[in-house]
Amino acid sequence: MNNTPTLENERVILSPLTIDNYKKLISIASQDKLVQYSPSDIATHAGLKNYVEIALEQQKAGTSIPFIVYDRKNNAFAGCTRFMHINFKNKVLHIGSTWIGREFQGTGLNTQIKELMLAYAFTTMNFEKVEFRVDERNVASRKAVEKLGCILEGILRKDVYLLNGFKRNTCCYGLLREEWQSNQK
């Protein structure tokens, strides 16, 4: 799926992440422990470039749609997000690899990002379920996905190695299209 859409509302623009525009995120990605609960290495220019190259390879394979996040309120690029683990046969995908700079956290930007992506996944893509994977210790992210109406479906114990060698427990959240639709009313 190489025809990445641009998703936008009054607050945020999600544009295709490319090997050219990711450089606008270098200063944000290098913030100390920005993705401490993630296995991704984005803190250096080389690490961020590799992260983007992997996302673009997954996009070519049809399993990922990566976006660069632009915050209209602050007139600044804020981070990244993506649809991932896209399963067209079963109409299930994940929203993940989301990170925004600390100056954008707690401003409502992340909620706007997720609401845009959920609407696109359920209406335009016609998917039936969206999943989120969150480190068990990441209380802020867990509360954020619960606020969107997601249900904790289980915890995968010692599931993913982080950069510091810690093996995290991963909380699996899901949101069904009919649950999302009833939340829209």
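Which residues does L175 touch, not counting residues up to four places away in sequence? Keep that in mind as we set up the viewer.

This is a predicted model, in which local features need pLDDT of at least 70 and side-chain atom pairs count only at pLDDT 80 or more, while totals for chains, interfaces and linings use all residues. Residues are numbered from 1 along each chain as its sequence is written, and side-chain values use heavy atoms, with hydrogens and water left out.

**Stop 1: L175**

Select L175, which lies in strand β8 (residues 167-176). Strands here are DSSP runs of E with at least two residues, helices are runs of H or I with at least four residues, and both are numbered from the N terminus. Contact means heavy atoms within 4.5 Å. Leaving out residues up to four places away in sequence, L175 touches L118, F122, E128, K129, V130, L148, G149, C150, W180 and N183. L175 is buried, with a relative accessible area of 0%. Buried means under 20% relative accessible area, exposed over 50%, and partly exposed in between (1.4 Å probe, protein chains only).

**Stop 2**

Switch to a cartoon view. Eight strands form an open sheet in the order β1-β2-β3-β4-β5-β6-β8-β7, with mixed pairing. The edge strands are β1 (7-8) and β7 (151-161), each pairing on one side only. Two strands pair if DSSP finds at least two bridges between them.

Walk across from β1:

- β1 and β2 run antiparallel and are joined by two bridges; they form a hairpin with three residues between them. Pick out E8, whose bridge partner in β2 is I13.
- β2 runs antiparallel to strand β3 (residues 64-71), with five bridges. Here L14 has V69 in β3 as its bridge partner.
- Strand β4 (residues 76-87) pairs with strand β5 (residues 92-100) in the antiparallel sense over six bridges. Look for N87 opposite V92 in β5.
- β5 and β6 run parallel, joined by three bridges. V92 stands opposite K129 in β6.

Stay on strand β6 (residues 129-135) and colour by accessibility: six of its seven residues are buried.

**Stop 3: helix α3 and K114**

Next, select helix α3 (residues 109-124). At 1.5 Å times one less than its number of residues, its 16 residues should span 22 Å, and its end C-alpha atoms are 22 Å apart, which agrees. Buried residues in α3 include L109, I113, L116 and F122. Just after α3, N126 takes a positive phi of about 60°.

Zoom in on K114 in this helix. K114 is buried yet has no salt bridge, and the nearest side chain of opposite charge, E115, is 11 Å away. A salt bridge is a side-chain nitrogen of Lys or Arg within 4 Å of a carboxyl oxygen of Asp or Glu; Lys and Arg count as positive and Asp and Glu as negative, with His and the chain ends not counted. What joins the side chains of K114 and T98? A polar contact of 3.5 Å does. The term covers a pair of N or O atoms within 3.5 Å; within protein, one must be able to donate a hydrogen and the other to accept it, and residues adjacent in sequence count only if both atoms are side-chain atoms. Beyond residues up to four places away in sequence, K114 touches I95, T98, F132 and L148.

**Stop 4: N21**

Finish at N21, in the loop between β2 (12-16) and α1 (26-29). N21 is buried, with a relative accessible area of 14%. A polar atom of the N21 side chain lies 2.8 Å from the backbone nitrogen of T18.
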